[in-house]
Structures are given as structure tokens and as C-alpha cells.
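Dear colleague,

Please find the structure below, with the sequence alongside. My notes on what was found in it follow.

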Amino acid sequence: MSLDDGSYVLICQRGEKVGSMSIFVARQPIVNRRGSVVAQELLFRDAQSQRANISDGFRCSAAVVERVLGAFGLEQVLDGTDGYLNTPAELIFSDVLELLPASRFTLEILEDEALTPDLGAQCDRLRQAGFRIALDDVNAITPEIERFLQHVDIVKLDWPYIDPKAAQETVRRCRRAGKLVLAEKVEERADHARAMQAGVDLFQGYHFAKPQLLSSKREVASFAGVSKVLQLIMEDASHLHLEQALKSVPPLVVQVLRLANSGRSSRARQA
């Protein structure tokens, strides 16, 4: 299923006509020490204001997944790089992540999440499946974070809030634990220079680029047509009957093909 601006739907659930709707996501590049773009953080934007307006983290992040895979196409958004995605704990434990090509995505654990043993175990399972895990908005290596580092691959430092006197040691502690370090909210040339000197691996912020808004017109399949396809699937109908039913809902076919093609590229080099 798909989430769109708070509604948990893959397709239009009202009306019988196929129509179109404007949908949005944003992306912000992540660069390495050579200045090459190695990833894009994918960000929710609502259809009304085209702003973040995050009222429900799970629904908004799941909406990003559906839009990128089902409407835009993964390669159109990532352009050969990897993707970073904000993942609230509810999403970390959900089946939504199964839609993503694991080797292409880093899942960001948000700063307000409790770093519990259960969360750590789930992060380990996702890493075994091919995902990378990042801790988001870290401004100090607390004992809790230090214990949790074994479950992650990347530490995103909230650079404006890192004590300049402690920055180099903070980076060293992460590197000694075998983690990549990403400085986020790098807004000025001086911020970048300081992060480079401290040994940071990856960078993100307005100094490089503001989030870029992407829009797409998506054809919306008729509810009656999709209902018929679902009914045939549940009845284990013949391929011929399914083919005939799918011909009545081309937008659904396009979404399925985009999902099928989304995981064919390998992970970009991040450091």
C-alpha cells in the first residue's frame, strides 16, 4: 500500500475515473571528502504547501518510499547514488522497508528514539539484509550512544551543535569504533573546513545544496479496476484473466514495473 499526505492508500479509493495528481518529494545531496555526490537524503513534502509538515513520522517516511518507487522511479531520484531515509522506530519494525532495495539505502535512526536492545537487534537484522544504519542528529557521544554504535554504520553529527573543542575527539571516537562520520547542517565554508580538519568522511548542508523539490504527475488507477485485480489474485486466477484485468489499470502496471526495476544498481561508494 501507499501513504499519501496522511492517507494510507496505494491508489485512489474514491471515484471510478482514472485521473492524475501532483506529488512531491525533496532530496538533498551528501558528498564525500573529494566533493563527489555519493547519496541523496530523501525528504517528505506535502502536496498542499510543498513543505515538510511532518505530523506523523511513520506515514510521511512511508509516503516517501511509495512516491520514489511507485511514481518517480528510483533512478530518477537517486541518479546512480544511494538513498538516505528518516526511519522512525515504527517504520524500522514494519514491512514497508521490504519494498526498498537494501543495498541502496541507509536508514536514519532519529534522535528522539529510545536506543533499546530491541531496536539494536532489529538494526542488526536490517544490516544483515544489506541496509546501512545511521544515527541521526548526534551532538555528543553519550554512554547510551556509545553502547549503540555496534548496531550502526554511520554517525550523523549535528555539526552546528558539536562543541568545536571536542569535535576532533568526537570524530575520532566514531572512527575508532569503525563508523563513517557524516557532518550535517554544514552551512558555511568555515564549517566545511572545520569538519574536514576533524576527519569527517561525509558532508551535507546548505553549503553544498539546499533540498531540491521534485514533482511528478501521477496517474491514479480506478478503484474498481484495482479491486478486480486484487480479487483475481486472491482467487488464484489464471494468468490470462489477470492480464485482461491489468489492461484496465495501466497506472498500476507502471507502479509494479517501477518497483520491480528499483533494486538493480549497486551501492555507490560513500567514502
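In which sense do strand 9 and strand 10 (residues 202-203) pair, and over how many bridges? Strand 9 and strand 10 pair in the parallel sense, over two bridges; two strands count as paired if DSSP finds at least two bridges between them. Helices (H or I, at least four residues) and strands (E, at least two) are DSSP runs, numbered from the N terminus.

Please note that this is a predicted model, in which local features need pLDDT of at least 70 and side-chain atom pairs count only at pLDDT 80 or more, while totals for chains, interfaces and linings use all residues. Residues are numbered from 1 along each chain as its sequence is written, and side-chain values use heavy atoms, with hydrogens and water left out.

The parallel strands

Ala-183 stands opposite Phe-203 in strand 10. From strand 9 the chain passes through helix 7 (residues 189-198) to strand 10 in a right-handed β-α-β crossover. Right-handed here means that, with the strands pointing away from the viewer, the path from the first strand over the helix to the second runs clockwise.

Strand 8 and strand 9 also pair in the parallel sense, over five bridges, with Asp-158 opposite Glu-184. Together with helix 6 (residues 167-176), these two strands make a right-handed β-α-β unit. Strand 7 pairs in the parallel sense with strand 8 over three bridges, and Leu-135 faces Val-155 across that pairing. The crossover from strand 7 through helix 5 to strand 8 is right-handed.

Burial and the cores

Buried means under 20% relative accessible area, exposed over 50%, and partly exposed in between (1.4 Å probe, protein chains only). Six of the seven residues of strand 7 (residues 132-138) are buried. In strand 9 (residues 180-184), Leu-180, Leu-182 and Glu-184 on one side and Val-181 and Ala-183 on the other are all buried.

A nonpolar core is a set of buried Ala, Val, Leu, Ile, Met, Phe, Trp, Tyr and Cys residues joined through side-chain atoms within 4.5 Å. The largest one has 56 residues, of which Leu-135 and Trp-159 touch the most other members. Helix 1 (residues 57-72) gives the most to this core, with ten residues. A second, separate core of nine residues includes Ile-30, Ala-134, Ile-154 and Leu-180.

Charged and polar pairs

The structure holds twelve salt bridges, each a side-chain nitrogen of Lys or Arg within 4 Å of a carboxyl oxygen of Asp or Glu. One of them joins Arg-104 and Asp-82, with the closest N and O atoms 3.7 Å apart. Arg-104 is buried at a relative accessible area of 0%, and Asp-82 is buried, also with 0%. Another joins Arg-127 and Asp-153 (3.0 Å, N to O). Arg-127 lies in helix 4 and Asp-153 in the loop between helix 5 and strand 8, so this pair ties together parts that are 26 residues apart in sequence.

His-151 lies in the loop between helix 5 (143-148) and strand 8 (154-158). Its relative accessibility is 12%, so His-151 counts as buried. The side chains of His-151 and Asp-124 are joined by a polar contact of 3.0 Å; such a contact is a pair of N or O atoms within 3.5 Å, where, within protein, one must be able to donate a hydrogen and the other to accept it, and residues adjacent in sequence count only if both atoms are side-chain atoms.

With kind regards
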